[in-house]
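The sequence and the structure are shown first.

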Amino acid sequence: MYVDGEWVNGSAGEVREVVNPATGEVIARVAEGTEDDARAAIRAARRAFDEDGWAEVTALERAQLLFRLADAIEEHADLLTRLETLDNGKPLREAQFDVADAANCFRYYAGLATKPHGQAVNVPAPSQTFVVREPVGVCGQIIPWNYPLLMAAWKLAPALAAGNTCILKPSEITPLSALMLSRLIHEVGFPRGVVNIVLGAGAVVGQTLAESHDVDKIAFTGGTVTGRKIMQAATGNLKKISLELGGKSPNIVFADADFETAVDYALFGIFANAGQVCSAGSRLLLEASIHDQFVEALVDRAKKIRVGDGFHPDTEMGPLVSQQHLEKVERYIQIGLEEGATLRCGGERVRVDSGGYFLAPTIFTNTRPDMRIVQEEIFGPVLAVQKFEDERDAIRLANDTVYGLAGAVFTSDIAKAHRVIQKLRAGITWMNTYHPTYNETPWGGYKQSGIGRELGTFGFEEYTEVKQINVNLAVKPSGWFRG
Ligand code: NAD
């Protein structure tokens with residue numbers, strides 16, 4: 001692990017095996033962090049912020065470090081890409097994209113670090129008021145396994161740009177690219193203690209970060225159940241929280257949509273990254289008049305998706321991230337069958353020579369809104385198709401979930417597209433596309449999909465406190481008390 005500018009073993013001397021999901025083989029043994037390790041990292045981050053002067057480092061210097069880190073990621077892009085595929089299983093093509101995006105995220109926030117963002121306010125004389133933004137302080141950052149490097153970038157880049165110090169806890173399932181990132185962070189010259197990377201179990205290291213009174217903010221990406229635990233753990237010192245949680249996002253296709261485009265994005269929406277995407281279009285809402293024809297075209301293409309080892313150049317969809325996760329997704333397929341939905345394709349494992357945790361792209365039709373496969377996040381390559389009659393019906397079904405992360409609409413009627421998007425209770429929406437994500441735009445959910453936003457200027461502001469500074473321009477006693 002990387003604590004206070006050094007690589008250390010876990011204080012209990014324990015290690016955890018890291019497995020390649022495409023083969024089931026152990027590919028690395030990494031340090032397993034303890035509560036003591038988390039506390040040591042918090043102390044280092046505290047000292048770096050309070051005493052060693054990171055908070056006073058100029059915005060330009062912080063920007064230069066972040067630019068250098070972005071360059072270093074690009075210089076090591078090949079290695080990082082292969083590590084990501086090895087550890088997470090995603091096809092090289094996807095990993096390449098993630099690594100490039102991670103570099104760009106650091107670059108985006110490097111640019112933002114130096115932009116003015118205060119206010120001067122005209123308050124009644126004799127005062128002049130300024131509003132400035134300051135770093136929150138020590139930030140605990142907990143991330144999942146589906147985009148290991150990219151999630152690390154989404155967390156570290158805005159926090160460091162704003163002048164905070166960080167303790168990042170990667171998922172215990174996919175720690176390798178974050179460890180490589182720690183090397184680059186060290187090499188480009190971040191002062192010791194500014195970034196710490198602690199490995200280990202969520203309930204141990206993550207919980208310690210969320211509970212600690214020496215942590216000023218906790219930023220979490222992961223499941224909604226874990227998010228709730230983190231929110232509770234954070235109450236001790238009422239630390240700031242931002243939560244990026246799960247989803248069950250609707251992808252709405254009207255009969256007047258461009259058919260080929262809508263089929264294509266419906267596939268991409270649910271089967272990219274083997275469906276292990278928080279914003280996946282896991283519910284496909286089809287207008288009744290095109291339902292049958294659309295499902296037929298979709299099933300036909302889903303069956304052709306090449307599932308296999310991410311290192312194989314032809315692979316279009318990799319394995320699920322772990323045996324445990326594969327079994328969880330399979331349980332949902334069983335639930336779907338028991339609930340009476342029709343399995344149109346998939347539903348079974350794909351035999352790949354290497355072994356591994358491969359599942360075929362799976363599509364259910366004849367669903368009802370109350371089914372668990374329609375309501376609950378499966379986080380795998382499983383699509384639930386729903387049928388709607390008209391615009392109102394589509395909106396009602398789309399919003400009929402506790403989640404509110406993302407949603408899309410496909411139609412050639414631009415006014416209708418806007419009407420539907422306006423009514424969607426979700427933070428990320430698309431018209432005639434699915435999934436494009438930009439470092440420049442805010443990412444996060446309504447309802448139980450989270451609190452706060454990442455990325456863009458919104459994501460930067462989440463790592464700042466706002467201070468008003470009132471200056472008395474008529475320096476004399478107030479005279480309020482006469483005695
Ligand atoms: P998870 O909630 O199981 O774990 C996420 C992280 O939290 C891991 O690092 C884990 O170790 C840690 N953790 C677990 N229990 C903890 C606890 N009690 N206290 C503190 N930390 C704890 O999620 P996962 O299975 O790794 O990832 C999948 C989930 O992440 C899905 O629900 C998905 O929707 C969500 N996700 C959301 C976004 C988003 O931006 N909204 C992005 C990616 C993933």
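Helices (H or I, at least four residues) and strands (E, at least two) are DSSP runs numbered from the N terminus. The model is predicted: local features need pLDDT of at least 70, side-chain atom pairs count only at pLDDT 80 or more, and totals for chains, interfaces and linings use all residues. Residues are numbered from 1 along each chain as its sequence is written, and side-chain values use heavy atoms, with hydrogens and water left out.

The buried residues of α1 are D37, A38, A41, I42, A44, A45, R46, A48 and F49. Here buried means under 20% relative accessible area, exposed means over 50%, and partly exposed lies in between (1.4 Å probe, protein chains only). The cover over these α1 residues includes β1 (2-3), β6 (127-135), β7 (138-142), β8 (165-169), β9 (195-197) and α7 (202-211); contact means heavy atoms within 4.5 Å.

After α3 comes G89, with a positive phi near 95°.

Helix α4 contains D101, which is buried at 13% relative accessibility. Leaving aside residues up to four places away in sequence, D101 touches L150 and N439. The C-alpha atoms of D101 and E454 are separated by 14 Å, although the two residues are 353 apart along the chain.

**Aromatic pairs**

A pair of aromatic rings is described by the distance of the centres and the angle of the planes. Rings of Phe, Tyr and Trp (its six-membered ring) pair if their centres lie within 6.5 Å; planes under 30 degrees apart count as stacked, over 60 as edge-to-face and the rest as tilted. The structure holds ten such pairs, including the two tabulated here.

| Pair | Class | Centre to centre | Angle between planes |
|---|---|---|---|
| W154 and W443 | edge-to-face | 5.5 Å | 70° |
| Y265 and F410 | tilted | 5.9 Å | 35° |

W154 lies in helix α5 (residues 148-161) and W443 in the loop between β19 (428-431) and β20 (446-447), so this pair ties together parts that are 289 residues apart in sequence. W154 is buried, at 6% relative accessible area, and W443 is buried as well, at 7%.

The pair of Y265, in helix α9 (residues 259-271), and F410, in strand β18 (residues 406-410), links parts of the chain 145 residues apart. Y265 is partly exposed, with a relative accessible area of 24%, whereas F410 is buried at 1%. Together with F268, these two residues form one aromatic cluster.

**Y463 and its surroundings**

Y463 is placed in the loop between α15 (456-461) and β22 (464-472) and is buried, with a relative accessible area of 3%. K217 lies over the face of the Y463 ring, 4.7 Å from its centre; a charge sits over a ring if NZ of Lys or CZ of Arg is within 6 Å of the ring centre and within 35 degrees of the ring normal. Not counting residues up to four places away in sequence, the residues that Y463 touches include E134, P135, V136, C139, K155 and K217. Between Y463 and A45, 418 residues apart in sequence, the C-alpha distance is 15 Å.

**Backbone features**

A125 and P126 are joined by a cis peptide bond, with omega of about 10°; P126 is found in the loop between β5 (119-121) and β6. L238 is not a glycine, yet has a positive phi of about 45°. This residue lies in the loop between α8 (224-233) and β11 (240-244) and is exposed, with a relative accessible area of 66%. K447, also not a glycine, has a positive phi of about 45°; K447 belongs to strand β20 and is partly exposed at 38% relative accessible area.
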